[in-house]
Amino acid sequence: MSFWEYANPRKYMEWSSPVMMWCFGAAPALLIAGVAWGYFGTPNAARFEASVKIIYLHVPSALMAINTWAMMVVASIIWLVRRHHVSALAAKAAAPVGIMMTLIALITGAIWGAPMWGTYWAWDPRLTSFLILFLFYLGYVALWAAIEDPDTAADLTSVLCLVGSIFALLSRYAVNFWNQGLHQGASLSLDAEKNVADVYYLPLLCAIAGFVLLFIAMVLLGTRTEIRLRRMRALTLRERKA
Amino acid sequence: MIALLKRDLKLAMRAGGGFGLALVFFLIVVVLVPFGVGPEAAMLSRIAPGILWVAALLAALLSLDRIFALDFEDGSLALLATAPIPLEAVGLLKALAHWLTTGLPLTLIAPVLGLLLHLEPQANGHLVLSLLIGTPALSMIGSFGAALIVGVKRGGLLLSLLVLPFYVPTLIFGAEAVRRGGQGLEAQGALMLLGGITLACIALLPFATAAALRITLR
């Protein structure tokens with residue numbers, strides 16, 4: 001039995017249902033735990049005072065906003081190479097989630113920026129590239145909505161996703177050239193010895209896990225809805241023919 | 001191939017082809033800006049590089065949906081797809097024709113419009129050079145966008161939504177080169193990065209364009 005069998009729509013519906021349920025159960029629990037722990041269980045940071053607590057929403061959503069696009073790239077490649085319909089539908093289902101994550105990151109960032117930098121918005125490279133990422137998401141969703149034939153739409157959006165990610169990356173580094181930033185450098189990276197002080201790090205990890213599970217649950221739900229829509233369309237077509 | 005290029009140029013030049021419209025649009029945008037921000041020369045000369053680049057970019061956007069849409073409607077695109085020249089070359093030629101009818105004229109009249117906006121005289125060379133280097137990238141990216149939406153009816157608005165984010169790096173380096181030129185700083189770095197984007201677009205995007213066209217024509 002190969003890994004790809006899980007991409008068979010029937011098989012997919014079978015395994016995704018319990019996984020989705022578990023994710024939908026665990027995500028809020030982790031999110032509430034992480035945020036509550038962060039809000040009530042950690043001290044205020046010296047320079048940030050209480051405003052530091054928004055980090056438990058800001059960092060995970062920003063992380064997911066980028067990784068959602070990465071997941072869409074992988075799903076698009078799988079669709080273009082192996083023609084698994086579920087893969088294309090998963091990319092389609094992920095895009096609105098990515099839009100929401102980007103919006104949450106931008107809005108919480110604005111709320112955090114107001115007391116810290118004295119402004120809701122600055123044309124800082126990180127902020128600007130997030131806004132550009134947001135525009136790429138909007139274009140992607142708009143292209144899906146504009147094309148009627150589902151396979152053509154899947155193909156064209158996959159091409160857009162691949163070419164778009166090159167340009168999104170290019171914009172990310174081009175804006176560095178254009179303006180110096182206010183935003184601090186990366187706070188979390190896998191290869192750093194120590195990222196943030198442990199008191200903040202653990203609840204932050206908890207909130208990140210919550211966001212990841214929430215993302216998985218929402219993408220599974222969206223994909224299942226798309227599969228059912230396809231089945232419905234196929235059934236109505238068959239009815240009409242008969 | 002040359003016949004195809006000639007045909008596209010002819011179609012663009014003749015009545016209804018939209019040649020000249022982009023130029024007039026460029027002029028109008030530049031004329032409107034002082035009404036919006038006030039007529040002080042110091043302010044205008046400060047924002048002139050950005051305005052000129054943004055206006056050129058929007059003007060190039062106007063005629064994008066014609067690149068493939070008309071050929072798709074009358075069926076000649078399907079013929080071109082079965083023609084002995086590869087579809088990648090068709091995409092490249094279409095972009096070249098678009099550049100010759102919009103990008104190049106925009107580049108040539110840009111210094112005159114720079115005069116209207118009190119662009120620093122020493123930045124004129126940078127303006128022409130940056131547009132000359134950068135506008136081919138705009139045409140290449142635009143033809144890719146046009147290929148994506150060629151099967152969509154009334155896709156003009158969608159096309160701008162798709163294409164404008166792609167224009168960000170080109171715009172950044174182009175406007176930066178002109179700004180540095182105006183301030184007397186060296187602009188070589190920005191111009192070289194701009195050239196890099198253009199060359200990469202010319203080298204790689206025809207494949208994406210052709211892939212999108214094949215999908216739609218399938």
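View 1. Of the 242 residues of chain A, 38% count as buried. Please keep in mind that this is a predicted model. Chain A has six helices and zero strands, giving the pattern α-α-α-α-α-α along the sequence. Among contacts in chain A with a separation of 6 or more, 78% are between residues 24 or more positions apart.

**View 2. Helix α8 of chain B and its cover.** Here we turn to residues 156–166 of chain B, which form helix α8. The buried residues in α8(B) are B:Leu158, B:Leu159, B:Leu161, B:Leu162, B:Val163, B:Pro165 and B:Phe166.

**View 3. Helices α7 and α10 of chain B side by side.** Two packed helices are described by the angle between their axes and the distance between the axes. The axes of α7(B) and α10(B) (residues 188–217) come within 8 Å and cross at roughly 20°. Because angles under 35 degrees count as roughly parallel, α7(B) is roughly parallel to α10(B). The crossing of α7(B) past α10(B) is left-handed.

**View 4. The residues where α7(B) meets α10(B).** On the α7(B) side, the contact includes B:Leu129, B:Ile133, B:Met140 and B:Phe144. Among the partners on α10(B) are B:Leu194, B:Cys201, B:Leu205 and B:Leu213. By class, this contact has 18 nonpolar, six polar and no charged residues.

Key
Residues numbered from 1 in each chain as written. Chains lettered and ligands numbered in written order. Predicted model: local features only at pLDDT ≥ 70, side-chain atom pairs only at ≥ 80, totals over all residues. Helix = DSSP H or I, 4+ residues; strand = E, 2+ residues; numbered from the N terminus. Buried ≥ 20, exposed ≤ 12 C-beta atoms within 10 Å, placed from the backbone. Contact = placed C-beta atoms within 7 Å. Axes fitted to C-alpha atoms, helices over the stretch in contact; angles between N-to-C directions. Parallel < 35°, antiparallel > 145°, perpendicular 65-115°, else oblique. Left-handed = near helix turned anticlockwise from the far one by under 90°. Nonpolar A, V, L, I, M, F, W, Y, C, P; charged D, E, K, R; others polar.
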